[in-house]
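Visitor: Can you walk me through the packing in this one? I'd like to start with the rings.

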Amino acid sequence: LLLISPLWSSCIPSDMDGDEEGLLNDVEVNGSWTPQEKALHEARLKAKAKRRVRRTSSRDSTRESLSDNGADLGGDPTSPKGKTNAGDRKSRMGKGRGLPKKGGAGGKGVWGAAGMVYEMEEPDAKDPNYDESSQGDTVYATVTPELDERELEKTVSPIVQEYFEHGDTKEVQMLLEGLNLGHNKYAVSSLAVSLSLEGKASHRELTSRLLSDMVGKVLTEKDMARAFDKMLADLPDLILDTPEAPQMLGQFIARAIADHALPMGFLDCYKGKVDCDHARAALDRAAVLLSMKTKMVRLDNVWGVGGGLRPVKHLIKEMNLLLKEYLISGEVSEAERCLRDLEVPHFHHELVYEAVVMVLESKGESAISMMVKLLKAFWETGLITLDQMNRGFQRVYDELPEINLDVPHAHTIMESFVDLCYQESVITKQLRDACPSSRGRKRFVSEGDGGTIKQ
């Protein structure tokens, strides 16, 4: 018997022929093996058979796929998974029908296959937005977004501030028509009034004119009434910055009613329905101003005289009243406040002229001292500039011969007044020296002439 040990059987080469390996198996089985050695040998044989079957099946599948694609079976067997065409778009997982993805028209950012032409799409009658009667040509238009409350304030405030400088209501209307105010268009008038409350009397006069001109063009009477309703409700906040807000708002209401910018029955809607004391004060002020007129006329003077928009004759009249009240009361602060309210710094030379002429026409010494005190106060506060002071005195110098016809001692009074002003540093030395001297005195001849006056 040919005896082969298990140790020698493990050294048998793996490429042994099938007949030799079968013979070896028979010899090993007939040998004297222990049960453990026999079980180990059978497990090795099963594992070897599985490896052989797995290697054979993978080679066959590769050949079949290459033959289906018409590829050359003599291709490179070392290529991954036997794939020879680099542009092949088939699934690598072996799934799907084997067709290109979406017919070659798919992919990110691709609308369709190359060369595809889209035709005009007809409107669908089943579309819920389809309207046969209104269906027509497409019209393109510029759409301006509606301004909210914050954007409206940011946009309209510069327009109103610029209006206070030029005073052209047509330009403001043109700018507002280019905005999409929407439901907040009433806030334009309330914003203009709020800005004018913090400004000058001339700004409030311009605001009243703006409200009157905008009604019927940009705003309606309902929008104006809604704006004043809002301002009456906001009076507790407005009074923090402007203590006189109730009285001023009442004047705005009266002026708007007189200008037909507010409905005639605006005040009647609040009778017995106002709980706020500030709002009640504003409405009472408006009612008093309207009751002062027997007919509904424009309250042009509700804001007094403001700015250079008033006639020159009216400004001269106001300055004369200012000086006369000062000579009676002697209050420099009140005269200064009235002059500031006129808001005509370019016309202050008229005040200096009127003050000097009033001194020349006066009969007492008190008027001279009081006028010197007033001009000195205006000079020290900077209310009257050097140029305006010089122009006022120079006008009196030029008209002094005519004034002398009505006031015989005008030259003497003028010289004393100019000297006193120079002592108080109201005028300069050059202006004092420019004062015309008094006319030549009539002198008597010698006693031999009999005391007659020499012609």
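Visitor: Which residues do ring pairs link into a cluster?

Guide: Phe-228, Phe-266 and Tyr-270. Rings of Phe, Tyr and Trp (its six-membered ring) pair if their centres lie within 6.5 Å; planes under 30 degrees apart count as stacked, over 60 as edge-to-face and the rest as tilted. This is a predicted model, where local features need pLDDT of at least 70 and side-chain atom pairs count only at pLDDT 80 or more, while totals for chains, interfaces and linings use all residues. Residues are numbered from 1 along each chain as its sequence is written, and side-chain values use heavy atoms, with hydrogens and water left out.

Visitor: How many aromatic pairs by that rule?

Guide: Four. One of them is Phe-228 with Phe-266, edge-to-face, at 6.5 Å centre to centre and 70° between the planes.

Visitor: What does that pair tie together?

Guide: Phe-228 lies in helix H8 and Phe-266 in the loop between H10 and H11, so the pair joins parts 38 residues apart in sequence. Helices here are DSSP runs (H or I, at least four residues), numbered from the N terminus.

Visitor: Is Phe-228 buried or exposed?

Guide: Buried, at 0% relative accessibility. Phe-266 is buried too, at 4%. Buried means under 20% relative accessible area, exposed over 50%, partly exposed in between (1.4 Å probe, protein chains only).

Visitor: And the pair of Phe-393 and Phe-417, stacked or edge-to-face?

Guide: Stacked, because the planes are at 20°, with the ring centres 6.3 Å apart. Phe-393 lies in helix H16 (residues 386–406) and Phe-417 in helix H17 (residues 410–423). Phe-393 counts as buried at 0%, and Phe-417 at 1%.

Visitor: Now the largest nonpolar core. Which members touch the most others?

Guide: Phe-228, Leu-232, Leu-249, Ile-253, Leu-262 and Phe-266, out of 53 residues. A nonpolar core is a set of buried Ala, Val, Leu, Ile, Met, Phe, Trp, Tyr and Cys residues joined through side-chain atoms within 4.5 Å.

Visitor: Which element gives the largest share?

Guide: H10, with eight residues.

Visitor: What does Ile-253 touch?

Guide: Leaving out residues up to four places away in sequence, Ile-253 touches Phe-228, Leu-232, Leu-262, Phe-266, Leu-267, Leu-283 and Ala-286. Contact means heavy atoms within 4.5 Å. Another core, of 46 residues, lies apart from the largest one and includes Val-352, Val-356, Leu-375 and Leu-400.

Visitor: Last topic, charges. What sits over the ring of Tyr-353?

Guide: The charged end of Arg-395, 4.2 Å from the ring centre. Arg-432 likewise has its charged end over the ring of Tyr-422, at 4.5 Å. The rule: NZ of Lys or CZ of Arg within 6 Å of the ring centre and within 35 degrees of the ring normal.

Notes: Helices (H or I, at least four residues) and strands (E, at least two) are DSSP runs, numbered from the N terminus.
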